[in-house]
Amino acid sequence: MATSESEPTSAGAVPAGGAPSPEEGPAPMVQMEGVVKRFGDNVVLDRLDLDVAPAEKVVIIGPSGSGKTTILRVLMTLERPEEGYVKLDGRHLYHEERSGERLVPARLRHIRDVRRNVSMVFQHFNLFPHKTVRENLTLAPRKVLGLDRSEAEERAKGLLDQYGLADKVDAYPASLSGGQKQRVAIARASMMRPKIMLFDEVTSALDPELVGEVLSVLRDLATHTEMTMLLVTHEMRFASEIADRVVMFDEGRIVEEAPPAQIFADPEEPRTKAFLHAVIDRD
Amino acid sequence: MLTTLPSVAQPTEDTTQGPSDWDWDFAREILPDLIDGMWATIQLTVVSLVVAMLLGLVLAMLRRSRLRPVRWPVGAAVEFIRSTPLLVQLYFLYFVLPTATLPDLPGLPERLVLSAFDAAVIGLGVHYACYTSESYRAGIESVDRGQWEAATALNLSAATTWRSVVLPQAIPTVIPALGNYLVAAFKDAPLASVITLAGVLTSAREIRADSFRGVEPFTVAGVLFLAVSIPAAMFVRYLERRYGYKRE
């Protein structure tokens with residue numbers, strides 16, 4: 001059963017203006033309402049509701065193929081939902097208002113504008129192989145944020161120092177280890193200073209001995225920044241360390257969500273129990 | 001063996017000699033004319049291939065458009081041009097197009113009369129653009145989907161994504177194919193002689209018509225083709241090595 005305390009969401013009931021309801025504390029940084037995503041007959045997101053508060057760190061766990069990566073991909077506009085609403089920092093991502101009220105599908109220009117709030121780190125790094133580390137980091141800040149070369153390079157230097165990659169600034173991705181590549185990828189996304197960062201199984205493609213260096217960068221980001229973070233991961237110990245909330249996801253729906261201490265120690269749902277049992281035994 | 005004094009464009013000929021008797025002096029004598037012709041052929045090839053490389057890239061990008069009304073007609077036109085002979089296309093551009101009355105649109109002349117060179121450049125350029133566009137398309141498709149996704153995650157514009165992320169990775173993989181089209185277009189360029197454009201083949205034919213000797217001009221023309229194609233192919237191999245890069 002999906003736990004939902006909020007009022008039932010029928011598509012028509014969503015107010016276009018999106019005024020934050022005053023009784024609920026700070027307005028959510030991420031809001032998903034009734035989001036449906038299908039691949040053919042397969043329903044990957046089944047009327048998903050998920051709110052994430054500013055600066056909150058949410059870890060999404062669940063069996064593979066359960067659609068948890070799709071949540072991140074919808075927020076990054078890599079997959080377009082068939083139904084429902086997504087808001088980032090209070091603004092509709094896939095819709096825009098026409099004549100003050102009616103919501104219409106957004107044009108690319110609007111999507112790009114709202115998308116500035118979010119960036120994503122991938123399982124397979126997706127660094128630009130034909131560019132040096134420096135160029136990987138400075139391309140988007142220069143082209144998208146309009147930074148000049150020296151500003152962008154200074155920002156890059158700061159991040160590379162912080163992530164222990166200062167000597168790799170002129171290296172090409174092919175010469176880096178997996179752990180170094182992923183740290184560069186995290187730095188590249190951080191260069192944009194997004195309010196929301198999405199991490200899609202960022203340690204899954206790494207050799208076991210390289211996982212630690214990437215987790216320590218993530219830990220640093222989680223504790224020292226006000227960034228809202230959504231992470232899909234299989235690293236349960238790490239999740240319990242940094243998450244404010246853990247969301248158990250299966251078959252397109254949220255099965256259970258709770259602070260890590262609670263969900264790991266005493267899961268309520270049998271499916272959560274079974275999943276944690278399988279994962280933690282393997283650890 | 002009898003020898004007569006060679007005169008300009010007159011072979012040292014004995015009427016009893018068969019046409020296959022090779023005459024070095026005559027070959028040497030006609031060489032400058034044939035080199036001039038070859039030079040015209042090279043110019044046509046290079047200009048046409050520049051057109052083909054630029055237009056082919058545009059066609060390949062249009063065929064990836066999100067809009068079906070853009071994608072579909074471009075795909076159909078490419079298939080049509082690839083399925084009809086270059087010779088017919090050249091004939092059409094030079095002899096048929098000028099006889100057609102164009103629609104009455106501002107800026108458009110009533111009839112479009114192309115010079116032989118322009119018609120040949122358009123014919124060869126568009127024909128080969130359709131081939132290069134397929135190569136570009138394969139090159140673009142060889143770029144990992146994750147690269148497009150990273151570009152989205154960094155909120156790059158479509159223009160920056162193409163220019164800074166996708167094309168720099170796609171084009172090195174296309175260079176060998178483009179190089180092969182360079183050599184193929186060079187060998188097709190003499191077809192332009194049917195629309196009266198001077199080239200190495202026209203030179204050879206004129207020499208034969210004047211001298212009644214075909215062995216030397218066509219052999220020398222063939223050797224000149226080799227003398228250009230082989231270095232061109234080596235140059236393409238060099239480009240492959242130079243602009244290839246290690247993938248992640």
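Tutor: Let's start in chain B, where T45(B), S48(B), L49(B), A52(B), M53(B) and M61(B) of α1(B) meet W162(B), L178(B), Y181(B), L182(B), A185(B) and F186(B) of α6(B). By the way, this is a predicted model: local features need pLDDT of at least 70, side-chain atom pairs count only at pLDDT 80 or more, and totals for chains, interfaces and linings use all residues. Residues are numbered from 1 along each chain as its sequence is written, while chains are lettered from A and ligands numbered from 1 in the order in which they are written.

Student: What makes two residues "in contact", and what makes a stretch a helix?

Tutor: Contact means that their C-beta atoms, placed from the backbone, lie within 7 Å. A helix is a DSSP run of H or I with at least four residues, numbered from the N terminus.

Student: Why are α1(B) and α6(B) called oblique to each other?

Tutor: Their axes come within 11 Å and cross at roughly 140°. Axes are lines fitted to C-alpha atoms, for helices over the stretch in contact, and angles run from 0 to 180 degrees between N-to-C directions. Under 35 degrees is roughly parallel, over 145 roughly antiparallel, 65 to 115 roughly perpendicular, and the rest oblique. So this pair is oblique.

Student: And what classes of residue make up that contact?

Tutor: There are 10 nonpolar, 2 polar and no charged residues. Nonpolar covers Ala, Val, Leu, Ile, Met, Phe, Trp, Tyr, Cys and Pro, charged covers Asp, Glu, Lys and Arg, and the others, Gly among them, are polar.

Student: Where does α1(B) have a kink?

Tutor: At L31(B), shortly before the proline P32(B), with a bend of about 40°. That bend is the angle between axes fitted to the seven residues ending there and the seven starting there.

Student: Over in chain A, what makes α5(A) and α6(A) parallel or antiparallel?

Tutor: The axes come within 8 Å and cross at roughly 15°, so the two helices are roughly parallel. Residues in the contact include Q182(A) and I186(A) of α5(A), with L210(A) and V214(A) of α6(A).

Student: Which way does α2(B) pass α4(B), left-handed or right-handed?

Tutor: Left-handed. The axes come within 9 Å and cross at roughly 115°. V78(B), I81(B) and R82(B) from α2(B) take part.

Student: How many residues link the two chains?

Tutor: 18 residues of chain B are in contact with 23 of chain A. α5(B) supplies the largest share of chain B's side, 6 residues.

Note on methods:
Left-handed = near helix turned anticlockwise from the far one by under 90°.
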